[in-house]
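This report covers a ligand site, a domain interface and charged pairs. The sequence and structure come up next.

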Amino acid sequence: MRKLYIIGIGAGDPEQITVQAIRAMNTVDVFFFMNKGDAKSDLVRLRKEICERYIDQRTYRIVEVTDPERDPSIASYAVRVEAWHQQRAIVYEELIERELGEGDCGAVLVWGDPSLYDSTLRVINHVIERGKVSFDYEVIPGITSVQALAARHKIVLNGIGESVCITTGRQLAAGGLPVDTENVVVMLDGNSSFKGLTDQDVTIYWGAYVGTEKEILLSGKLGEVAEIIERTRREARTSNGWIMDTYLIKKPVLV
Ligand SMILES: C[S@@+](CC[C@H](N)C(=O)[O-])C[C@H]1O[C@@H](n2cnc3c(N)ncnc32)[C@H](O)[C@@H]1O
């Protein structure tokens with residue numbers, strides 16, 4: 001039976017990879033890399049570095065494929081993403097069929113952890129539902145960008161007994177801060193949606209490229225640091241050609 005590993009590799013620091021991941025990687029015949037074909041090839045390079053650093057035998061192969069584009073003509077975000085997942089499923093299906101012999105082992109190296117804002121597991125489920133190829137698969141967890149952010153700022157995400165909400169820039173821009181939690185982690189925010197919250201008495205812990213040599217960390221009362229973060233973000237994105245940033249917004253503790 002073919003086997004596919006879905007391996008979380010951490011969010012940028014090659015040392016934030018687990019022993020379990022390294023063990024699995026050493027059994028892999030073929031790594032599948034989805035290449036976005038843009039400046040984010042930095043991310044592909046990191047995956048290659050991880051393979052070179054942690055795999056003892058040089059017998060593995062890397063197969064790079066271009067990630068299908070999302071169809072901009074589909075107006076609904078949810079429908080557009082679902083259509084994109086279906087396209088990706090066809091790509092994975094073909095890869096598994098073409099590149100993995102019976103008994104071979106393949107792997108997808110997932111940024112951070114596969115359980116958080118990543119489509120790989122949904123796409124693999126689509127491949128299984130399509131029923132054209134059969135394989136076993138196993139998920140190996142990784143350090144998320146949220147954990148990496150908290151560690152670099154040396155903070156606990158929640159106050160004592162409080163909850164934490166993880167959401168997206170899109171949700172924050174549409175609905176503001178969730179009312180039923182004190183701590184909000186925001187990911188996938190291409191538009192610095194925190195700008196809309198500067199009248200609120202909250203603290204922000206922001207990090208870009210966390211764990212990499214490009215890492216930038218900023219924190220403070222949102223009203224005081226929002227402009228600096230926005231400017232820093234804009235400049236870093238221009239000079240690097242891409243950015244990944246995450247932030248925690250904390251409401252004040254009420255006593
Ligand atoms: C598609 S999601 C992938 C999340 C990933 N699965 C994880 O576990 O962190 C991409 C988002 O993760 C966050 N992210 C990933 N790597 C990051 C890093 N090194 N520094 C800051 N944010 C990061 C950003 O919010 C980015 O928009």
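## Ligand site

An oxygen atom of the ligand sits 2.7 Å from a polar backbone atom of Asp 245. A polar backbone atom of Leu 188 is 3.0 Å from an oxygen atom of the ligand. Thr 246 uses its side chain: a polar atom there lies 2.7 Å from a nitrogen atom of the ligand.

The ligand has 16 residues around it, and those that come nearest are Ala 11, Leu 116, Ser 145, Asp 245 and Thr 246. A residue is counted here if one of its heavy atoms lies within 4 Å of the molecule.

## Basis of the model

The model is predicted; local features need pLDDT of at least 70, side-chain atom pairs count only at pLDDT 80 or more, and totals for chains, interfaces and linings use all residues. Residues are numbered from 1 along each chain as its sequence is written, and side-chain values use heavy atoms, with hydrogens and water left out.

## Domain interface

The protein splits into domain 1 (3-143) and domain 2 (146-250), with bounds from an automatic or database domain assignment. Their C-alpha centres are 27 Å apart. Domain 1 puts 15 residues into the contact and domain 2 puts in 17 residues. Contact means heavy atoms within 4.5 Å.

About 1200 Å² is buried between domain 1 and domain 2, and carbon and sulfur atoms give 66% of that area. Buried area is the accessible area (1.4 Å probe) that two parts lose on being put together, summed over both. On the side of domain 1 that touches domain 2, helix H2 (41-54) and helix H3 (77-99) each supply at least two residues. Helices are DSSP runs (H or I, at least four residues), numbered from the N terminus. Between the two domains there are 0 salt bridges.

## Salt bridges

The salt bridge rule asks for a side-chain nitrogen of Lys or Arg within 4 Å of a carboxyl oxygen of Asp or Glu. It gives 13 salt bridges. One of them pairs Glu 15 with Arg 53, with the closest N and O atoms 2.7 Å apart. Arg 53 is in helix H2, 38 residues from Glu 15.

Definitions and conventions
Polar contact = N/O pair within 3.5 Å; in protein donor to acceptor, adjacent residues only side chain to side chain.
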